[in-house]
Amino acid sequence: MKKILVSQPKPTTEKSPYYDIEREYDVKCDFRPFFKVEGLSAKEFRHQKINILDYSAIVFTSRHAVNHFFTLAKELRVTIPEDMKYFCVIESIALYIQKYVQYRKRKVFFGTTGKIADLVPIMAKHKAEKYLVPMSSVHNDDVKNMLDAKKLKHTECVMYRTVSNDLTEEEVKAFDYDMIIFFSPTGINALQKNLPNFEQGDIKMAAFGPATCKAVTDAGFRLDLKAPDAENPSMTSALKAYLKKHKK
């Protein structure tokens, strides 16, 4: 195991666990997302006939949702009121809001696990709110069904989409990895699109999350490492355990 392709953007800090793994196990990690997230234009968003100011609370399930909500609001020339409430699936996303607004002036609520199911009970304590949920173009009805079950007033809207981040001709020619790590079913689709003749052979495949794991096997590939699990809550900890085991 010498070269690992991590289908995520390169870490912004040298303190990333991936760099610790490189040093400890003498491997090289290349960071190359197979897909990218792009926001809808104001014109596209208007087709949904949604007025942001009709809502008193925004639900954020990811940093992408935060980025594209505030970017669209600016493009639409919408001034977000001071009393707008924000409900985030986890604290790190709640803190990320500070990139766009003064945190202390806002009413921010967040869950502890990163799962929408654990945020819904907190939202249910604020039944008077009218919730807007920014989402990706690829989503299911889980959020809608959970909020319906609690009889909360809510609307889901698409604010961003995931598109393939195609490999260049040079990248295709140089594609030579011992392991590929996926974090989304879109990544598997993008791999097949970019490398239509790809054969797994001895290449190990790792996947994070049940949907991604299923997408790997549904595509006919062998899944060699999956995360999270009881011992490894993150992909980096699972990768470290895998490399440690196989080094022996």
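Which residues have the most contacts inside the largest nonpolar core? I will come to that in a moment, after a word on the model.

What we have here is a predicted model, in which local features need pLDDT of at least 70 and side-chain atom pairs count only at pLDDT 80 or more, while totals for chains, interfaces and linings use all residues. Residues are numbered from 1 along each chain as its sequence is written, and side-chain values use heavy atoms, with hydrogens and water left out.

Now to the core. The residues with the most contacts inside the largest nonpolar core, which has 43 residues, are Ile52, Phe60, Phe69 and Tyr86. By nonpolar core I mean a set of buried Ala, Val, Leu, Ile, Met, Phe, Trp, Tyr and Cys residues joined through side-chain atoms within 4.5 Å, where buried is under 20% relative accessible area, exposed is over 50% and partly exposed lies in between, with a 1.4 Å probe and protein chains only. Helix α3, residues 63–75, gives the most to this core, with six residues; helices (H or I, at least four residues) and strands (E, at least two) are DSSP runs, numbered from the N terminus. Taking contact as heavy atoms within 4.5 Å, and leaving aside neighbours within four places in sequence, Ile52 is in contact with residues including Phe45, Phe69, Ala73, Leu132 and Met159.

Let me turn to the mixed sheet. This is an open sheet of six strands, in the order β3-β8-β7-β4-β5-β6, and two strands are said to pair if DSSP finds at least two bridges between them. Strands β3 (35–39) and β6 (107–110) stand at the edges with a single partner strand each, so one side of each is left without a neighbour in the sheet. On average, and with direction ignored, neighbouring strands of this sheet are turned by 25° against each other; axes are lines fitted to C-alpha atoms, for helices over the stretch in contact, and angles run from 0 to 180 degrees between N-to-C directions. Helix α5 (residues 116–124) packs on the sheet, where it touches β4, β5 (85–88), β6 and β7, and its direction makes about 145° with that of β5. Helix α6 (residues 142–149) also packs on the sheet, touching β7 and β8 (153–164), at about 170° to the direction of β8.

The other open sheet has five strands with parallel pairing, in the order β2-β1-β9-β10-β11. Its edge strands, β2 (28–31) and β11 (225–227), each pair on one side only. Within this sheet, β1 (residues 3–6) and β9 (residues 179–182) pair in the parallel sense over three bridges, and Val6 has Ile181 in β9 as its bridge partner.

Two helices accompany these strands: α1 lies across β1 and β2, at about 150° to β2, and α10 lies across β1, β9, β10 (204–208) and β11, at about 150° to β11. The axes of α1 (residues 17–25) and α10 (residues 235–247) come within 10 Å and cross at roughly 10°. The two helices are therefore roughly parallel to each other, a term for angles under 35 degrees, with over 145 counting as roughly antiparallel, 65 to 115 as roughly perpendicular and the rest as oblique.
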